[in-house]
Amino acid sequence: MSQYVAPVRDMLFVMQELAGLADVGALPGWEEAGAELAEAVLEEAGRFAGEVIAPLNVVGDREGSRLVDGKVVVPAGFAEAYHQFVEAGWGGISSPEAFGGQGLPQLLAKPVTEMWKSACLAFSLCPMLTQGALEALLHHGTPEQQNAYLAKLVSGEWTGTMNLTEPQAGSDLSAVRSRAMPEGDHYRLFGNKIFITWGEHDVTENIVHLVLARLPDAPAGVKGISLFVVPKYLLNADGSLGERNDVQCVSLEHKMGIHGSPTAVLAYGESAGAIGYLVGEPNRGLEYMFTMMNHARLAVGLEGVAISERAYQQARDYARERVQGRALGHESAGAIIRHPDVRRMLLTMKSQTEAMRALAYVTAAYMDQAARHPDPAERARYQSRVELLTPVVKGWCTETAQEVTSLGVQVHGGMGFIEETGAAQHMRDARIITIYEGTTGIQANDLLGRKTLREQGKTLLALIEEMRTDTARVGALDGEAFRQLAAAQDVAIKELEGATRHLIEAATVDPRLAFAGAVPYLMLLGTVCGGWQMTRAAGAAQARIAAGETAAFYRAKIDTALFYAEHILPRAMTHAYVVQHGARSTLALDESAF
Amino acid sequence: MKIVVPVKRVIDANVKVRLKADGSAVDSDNAKMSMNPFDEIAVEEAIRLKEAGAAGEIVAVSIGSDACQDVLRAALAMGADRALLIRTEAVLEPLAVAKLLREVVAREQPRLVICGKQSTDGDANQAGQMLAGLLGWPQATFASKLDLGTDGATVTREIDGGLEIIAVTLPAVVTTDLRLNSPRYTTLPNIMKAKKKPLDVVALDEFGVDTRPRLTTLGLAEPAARSAGVRVADVAELLAKLKNEAKVI
């Protein structure tokens, strides 16, 4: 069974050298968030993730959360670990200090989140959904609602859920049917919600549900959906827990992965109606959900990084130990890591994991800049970067995680197909991440439609220019490796630019021609952004080597970037070709011919 | 009651230690460093005594380069009240450490010093004992249980073949064994608070202590690599090998 060792050094390298930790630490109110604090926080979070949460991963998968006599039973150890998690104060890392959080920037919070997700994805979803609920109340709740719920959600003493999906309303939330009937100062809610992550459990004494529903006079479609807060236990006037609300867990889903996380079907209003309180203004619920979408999608993108890291660590450890066959150039049988193809697989995993991590953390730093940069023009510029890159981090990192976790199984050979090894779990757990919080198709449509075509590629073309500047800088460093890196990156950037201009043009002819290439385009942008970050990483490592650092760590950064440039970056050409030439065949086949 | 807890920065216990290519020293250039695990137990014990109302202020002390500030911050984050770094680039022998700690005791006037029983790098298991000797204080080493009164302490020691329970008068030096406690996970709010706790840095020279080495290292060698195992045909062959080759039975 594999251990998880948080890659603290890699994380700090990305934070400091690529994502600009010092710049984030220079923003108002974040003066404490320097390298020293980052290291202390990451070290301790890594220890907690490795020792307390990681051992839950296999147990959670085998036992799963179960519904027994109407009660949700979570896997052994989950409740105890959750209470330790609350005790240690990790839930409030980026929440406002006014409600008991630590108010740290996203650039510090996201690596810590990555650790929980690597350690046990199913467990990590509980604090993640709580975060979503608390942000909804933080941005849109009344002061009374904030006082009633926020401190408990920040500490994690209560957990939160997000109730969007209904059987007929998945990706299309305009089809939401749940109703909210006014009654005095509150509403009575009726309806069924499905796929509610951590929707019911007894780990904490209360659960705060955020629920999308329609008011009686609401217009049809997306502009008629309101947001409500519905506590599992109603609160008395003094804030203590009162009566059980009319919301019941009807069943738990049987899933392909993340078994430890209870995915509930919730029935609201089986008797008198669940008492709920309107959050914000009527009919603006979906809009409120979208304000939190960047955070949630970035968090799911991080799941791609996190589960890839875990799969890589397990495959690497196995490849070092498993003795099988005499590798070329060796006298006797040895560990399979000696075989060139095993090295290729491990490097395909490692290089893409590092590239994804870098892009995710850089995006987190952009979020911090967008929130607190003193210059409004700069805030706006960073915000447009965040909006452009969010669907890329979500879509590309989660899709890449499918390849990485699958290679993790492959490295194990036949043992990988056997559940006891644990390699297969990562692959099964990873399968949901390209789906929830907006499928890859939804991400790609968002990237192409709202983030690219709508502004004629303005933000993206500016990003391409920055990539070119960075690439030229690294290419000018002394050494053949840097010339090679820059040359490969230049080709990929050119492909990206060509594909972008093609799509802007194609959309004016027939939008369907553009959107047929949306996912290949998303993968193209992700692949090239990954190369950009790997090139920057190689440049930063070289600067450290030039300054006298001797650690093999830095040399490995350059070697890994070269592997990415030679093995992964060429995919940009394929993606670009598909974007530019693949639309008509996608659309040609008559529906009846499928 | 004030407690002084010395903490040492060592190569992390999970790192596989290697010698430098020229064999001159252990290669610690790029290794992950952490607080000596026995010292972590010492800090934890001091905090528990404080939480139980048996102790007042906890002062963590380290001797070494500026890098040692990270283990002092870790001690502060666990719950120590303030920290002192005696700054030196030299690697000190246990006697020099004990002499410096004697000076710290003279300044701080604690009633109790809790040390790790040994550091996982040098494995000398001497500094605590030497400190007690220099101070003329009682010592209770290898503690697996510590009950603190106002004038004395009862300490359970792990010895070969069992447990020994001794009483010492205060002030005293106690050194910790592995089973004394399990150090807590540091909380995020405490990591944040630790940044604001006082950490004084004093140059070694200011103590006027002779810390020159008295030992000469003649050589260092890595343990021999473990050789491959052999498969035995039956129990009789196993017994024969244990008896005649390994000579363990």
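Two exercises with worked solutions follow, based on a predicted model.

**Exercise 1. Classify the packing of helices α6 and α7 of chain A, and identify the residues in contact.**

Step 1. Helix α6(A) spans residues 106–119, and helix α7(A) spans residues 121–140.

Step 2. The axes of the two helices come within 6 Å and cross at roughly 140°.

Step 3. Angles over 145 degrees count as roughly antiparallel, and 65 to 115 as roughly perpendicular, with the rest oblique once those under 35 are set aside as roughly parallel. α6(A) and α7(A) are therefore oblique to each other.

Step 4. On the α6(A) side, the contact is formed by A:Trp116, A:Lys117 and A:Ala119; on the α7(A) side, by A:Leu121, A:Ser124, A:Leu125 and A:Met128.

Step 5. Sorted by class, this contact comprises five nonpolar residues, one polar and one charged.

**Exercise 2. Describe the largest cavity and relate its lining to the helices and domains of chain A.**

Step 1. The largest cavity holds about 70 Å³ of space.

Step 2. Its lining includes A:Asp10, A:Phe13, A:Val14, A:Leu18, A:Glu354, A:Arg357, A:Gln533 and A:Lys557.

Step 3. Two or more lining residues come from each of α1 (8–18), α11 (340–372) and α18 (518–546) of chain A. α1(A) gives the most, with four residues.

Step 4. The class count of the lining is six nonpolar, one polar and four charged residues.

Step 5. The domain assignment of chain A lists domain 1 (8–65 + 72–155), domain 2 (159–283) and domain 3 (439–588). Domain 1 and domain 3 each supply at least three residues to the lining of the largest cavity.

How values were computed:
Residues are numbered from 1 along each chain as its sequence is written. Chains are lettered from A and ligands numbered from 1 in the order in which they are written. This is a predicted model: local features need pLDDT of at least 70, side-chain atom pairs count only at pLDDT 80 or more; totals for chains, interfaces and linings use all residues. Side-chain values use heavy atoms; hydrogens and water are left out. Axes are lines fitted to C-alpha atoms, for helices over the stretch in contact, and angles run from 0 to 180 degrees between N-to-C directions. Contact means heavy atoms within 4.5 Å. Ala, Val, Leu, Ile, Met, Phe, Trp, Tyr, Cys and Pro count as nonpolar, Asp, Glu, Lys and Arg as charged, and the others, Gly among them, as polar. Domain bounds come from an automatic or database domain assignment. On a 1 Å grid over the protein atoms alone, a cavity is a set of points where a 1.4 Å probe fits but cannot get out, and a pocket is an open set with protein on both sides within 12 Å along at least five of seven lines; lining residues have an atom within 4 Å of a point. Grid points are joined across faces, edges and corners, and a volume is the space filled by probe spheres set on the points.
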